[in-house]
Amino acid sequence: MHKFSYIVLFIAVLALCSVAPRNAEARDVNSCQSQFDFAERLFCEKDYERAITEYKRCIFLFPHNALSEKAELMVGHSYFKEEKWSEAVLSFGEFIEKYPESPDIAEAYYFKGAGERRLKRYEDALSSLEKIQDLDSGE
């Protein structure tokens, strides 16, 4: 009887494998886009705390997807909108370290500096804002 159960189980697993999507990469892209879109909807609804969670989920589940970079930036924006200045500064700092060649790098420096100003860390804020000028001058 046990042999029969194992055979049925084996056939069931084979059947499930045959109906599974063949293009896992396309499925991941769609899943990442869905996850990101959900986080964006929460952000637009001003549910920043939940948006942070969903952006971070997108980053965790799809670390090599292009949307993960945008999700990392949006985590910083979500903290900023919540007026959690320390978390925003840390988040934008992590984005800057992780994506130094990003087209959004000046934006990250700007919001990092704005958060530092709100924390009354004026020297750090000035330094962050000067980085934008350095980017513009090609240094």
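Biologist: Which residues have the most contacts inside the largest nonpolar core?

Modeller: Keep in mind that this is a predicted model. Its largest nonpolar core has 31 residues. The ones with the most contacts inside that core are Tyr55, Phe80 and Phe92.

Biologist: And which element gives the most to this core?

Modeller: The elements that supply two or more residues are α2 (24-44), α3, α4 (66-81), α5 (85-98) and α6 (105-118). With seven residues, the top contributor is α4.

Biologist: Let's look at phenylalanine 80. What is it in contact with, leaving aside its neighbours within four places in sequence?

Modeller: Phenylalanine 80 is among the residues with the most contacts inside the core. Setting those sequence neighbours aside, its partners are Trp85, Ala88, Phe92, Phe111, Ala114, Gly115 and Arg118.

Biologist: Now helix α3. What length does it reach from its first C-alpha to its last?

Modeller: Helix α3 covers residues 48-61, which is 14 residues. At 1.5 Å a residue, 20 Å is expected, and the helix comes close to that. Its reach is 20 Å.

Biologist: Is cysteine 58 buried or exposed?

Modeller: Cysteine 58 is found in helix α3, where the buried residues also include Tyr48, Ala51 and Tyr55. The cut-off for buried is under 20% relative accessible area. Cysteine 58 has 0% relative accessibility, so it counts as buried.

Biologist: What surrounds cysteine 58, leaving aside neighbours within four places in sequence?

Modeller: Serine 31 is 27 residues away in sequence and 9.0 Å away in space, C-alpha to C-alpha. The residues in contact with cysteine 58 are Cys32, Gln35, Phe36, Ser68 and Ala71.

Biologist: How are α3 and α4 oriented to each other, roughly parallel or roughly antiparallel?

Modeller: Their axes are 9 Å apart and the packing angle is about 160°. The crossing is left-handed, and the residues that meet include Tyr55 and Cys58 in α3 and Ser68 and Ala71 in α4. Angles over 145 degrees count as roughly antiparallel. So α3 and α4 are roughly antiparallel.

Biologist: What about α6 and α7, roughly parallel or roughly antiparallel?

Modeller: These two pack at about 165°, with axes 7 Å apart. That angle makes α6 and α7 roughly antiparallel.

Biologist: Which residues does serine 128 touch, not counting those up to four places away in sequence?

Modeller: Serine 128 lies in helix α7 and is buried, at a relative accessible area of 3%. It is one of the α7 residues that make the contact with α6. Its partners are Tyr109, Lys112, Gly113 and Glu116.

Biologist: Turning to the loops, is glutamate 83 buried or exposed?

Modeller: Glutamate 83 lies in the loop between α4 and α5. Its phi is near 60°, a positive value in a residue other than glycine. Because its relative accessible area is 55%, glutamate 83 is exposed.

Key:
Residues are numbered from 1 along each chain as its sequence is written. This is a predicted model: local features need pLDDT of at least 70, side-chain atom pairs count only at pLDDT 80 or more; totals for chains, interfaces and linings use all residues. Side-chain values use heavy atoms; hydrogens and water are left out. Helices (H or I, at least four residues) and strands (E, at least two) are DSSP runs, numbered from the N terminus. The expected span of a helix is 1.5 Å times one less than its number of residues. Buried means under 20% relative accessible area, exposed over 50%, partly exposed in between (1.4 Å probe, protein chains only). A nonpolar core is a set of buried Ala, Val, Leu, Ile, Met, Phe, Trp, Tyr and Cys residues joined through side-chain atoms within 4.5 Å. Contact means heavy atoms within 4.5 Å. Axes are lines fitted to C-alpha atoms, for helices over the stretch in contact, and angles run from 0 to 180 degrees between N-to-C directions. Angles under 35 degrees count as roughly parallel, over 145 as roughly antiparallel, 65 to 115 as roughly perpendicular and the rest as oblique. A crossing is left-handed if the near helix is turned anticlockwise from the far one by less than a right angle, and right-handed if clockwise.
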